[in-house]
Amino acid sequence: MNAVFKFLIVLQFALLSGITVLQAQTIKSGTIRGASVSWTTGSVSIVKIPGGHEIRLGSNFKTKSGPSLWVYLGNDGPKKRIGRLKSINGAQSYKIPASVNPEDFSKIYIHCAPFNATFGIGMLK
């Protein structure tokens, strides 16, 4: 079965069973741009999901490879490390720890920790 067909079966079961289907709600979004060089681009959003929040990089996300790239939240630089970058391109998501309030941050960073080099910054609105 293809993924869409499986999803429709699960959705129909949920609706017939009276289960509430919860959708992710976007609370902030923006575009990532290269920091010191222009090799990082793509869309980014922070969404509210059941049980917390997550950062979502869009299918148009891309960057260059680098040693130890991480996703951070911050305002005037990378502050809260969220997770190691899973891929240098494409859609991906990162669960934000419950101890971190995403409303406190205005930017997402793609940052190389060993060289203290920011590859990209996404302004969140």
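Modeller: Let me begin with burial: a residue is buried if its relative accessible area is under 20%, and exposed if that area is over 50%, with partly exposed in between. The model is a predicted one. By this criterion, buried residues make up 38% of the 125 residues in the protein chain. The accessible surface of the chain comes to about 7600 Å², with 56% of it belonging to carbon and sulfur atoms.

Colleague: What elements are there in the protein chain, and in which order do they run?

Modeller: The chain has one helix and eight strands. From the N terminus on, the order is α-β-β-β-β-β-β-β-β. Among contacts with a separation of 6 or more, 54% are between residues 24 or more positions apart.

Colleague: How many aromatic pairs does the rule give?

Modeller: The count comes to one aromatic pair. Its members are Trp39 and Phe119, whose ring centres are 5.3 Å apart. Centres must lie within 6.5 Å for a pair, so the distance of 5.3 Å meets the criterion.

Colleague: Why is the pair of Trp39 and Phe119 called tilted?

Modeller: The planes of the two rings stand at 55°. Stacked requires an angle under 30 degrees and edge-to-face one over 60, and the rest count as tilted. The pair is therefore tilted.

Colleague: What makes this pair a tie between parts that are apart in sequence?

Modeller: Trp39 lies in the loop between β1 (25-34) and β2 (42-49), whereas Phe119 lies in strand β8 (residues 117-123), so the pair ties together parts 80 residues apart in sequence.

Colleague: Why is Thr40 called buried, and what does Thr40 contact?

Modeller: Thr40 has 0% relative accessibility, so Thr40 counts as buried. Thr40 is found in the loop between β1 and β2. Leaving aside neighbours within four places in sequence, its contacts include Ile32, Phe61, Ile110 and Phe119. The side chains of Thr40 and Thr63 are joined by a polar contact of 2.6 Å.

Colleague: Why is Arg33 counted as exposed?

Modeller: Arg33 has 56% relative accessibility, and exposed means over 50%, so Arg33 counts as exposed. Arg33 has its place in strand β1. Not counting residues up to four places away in sequence, Arg33 touches Thr40, Phe119, Gly120 and Ile121. The C-alpha atoms of Arg33 and Met123 are separated by 8.7 Å, although these residues are 90 apart along the chain.

Colleague: What polar contact does the side chain of Thr118 make?

Modeller: The side chain of Thr118 makes a polar contact of 2.8 Å with the side chain of His111. Thr118 lies in strand β8. Its C-alpha atom is separated by 8.2 Å from that of Gly34, 84 residues away along the chain.

Colleague: How do you know that Arg81 lies over the face of Trp70?

Modeller: Arg81 is at 4.0 Å from the ring centre of Trp70. In a second case, the charged end of Lys86 sits over the ring of Tyr94, 4.7 Å from its centre. The distance criterion is 6 Å, and the group must also be within 35 degrees of the ring normal.

Colleague: Which residues of the largest nonpolar core touch the most other members?

Modeller: Of the 20 residues in that core, these are Ile55, Leu57, Val71, Leu73 and Leu85. The elements giving two or more residues to this core are β2, β3, β4, β6 (92-96) and β7. Beyond four places in sequence, the residues that Leu57 touches include Ile32, Val44, Leu85 and Ile108.

Colleague: What makes the phi of Ser68 and of Asn116 worth noting?

Modeller: Most residues other than glycine have a negative phi. Ser68, however, has a positive phi near 55°, and Asn116 has a positive phi near 50°. Ser68 is found in the loop between β3 (52-57) and β4 (69-74), and Asn116 in the loop between β7 (107-112) and β8. At 60% relative accessibility, Asn116 counts as exposed.

Terms used:
Residues numbered from 1 in each chain as written. Predicted model: local features only at pLDDT ≥ 70, side-chain atom pairs only at ≥ 80, totals over all residues. Heavy atoms only, no water. Phe/Tyr/Trp six-rings, centres within 6.5 Å; stacked < 30°, edge-to-face > 60°. Helix = DSSP H or I, 4+ residues; strand = E, 2+ residues; numbered from the N terminus. Buried < 20%, exposed > 50% of the residue type's maximum accessible area, 1.4 Å probe, protein only. Polar contact = N/O pair within 3.5 Å; in protein donor to acceptor, adjacent residues only side chain to side chain. Contact = heavy atoms within 4.5 Å. Areas by Shrake-Rupley, 256 points an atom, 1.4 Å probe, with all protein chains shown as cover. Core = buried A, V, L, I, M, F, W, Y, C linked by side-chain atoms within 4.5 Å.
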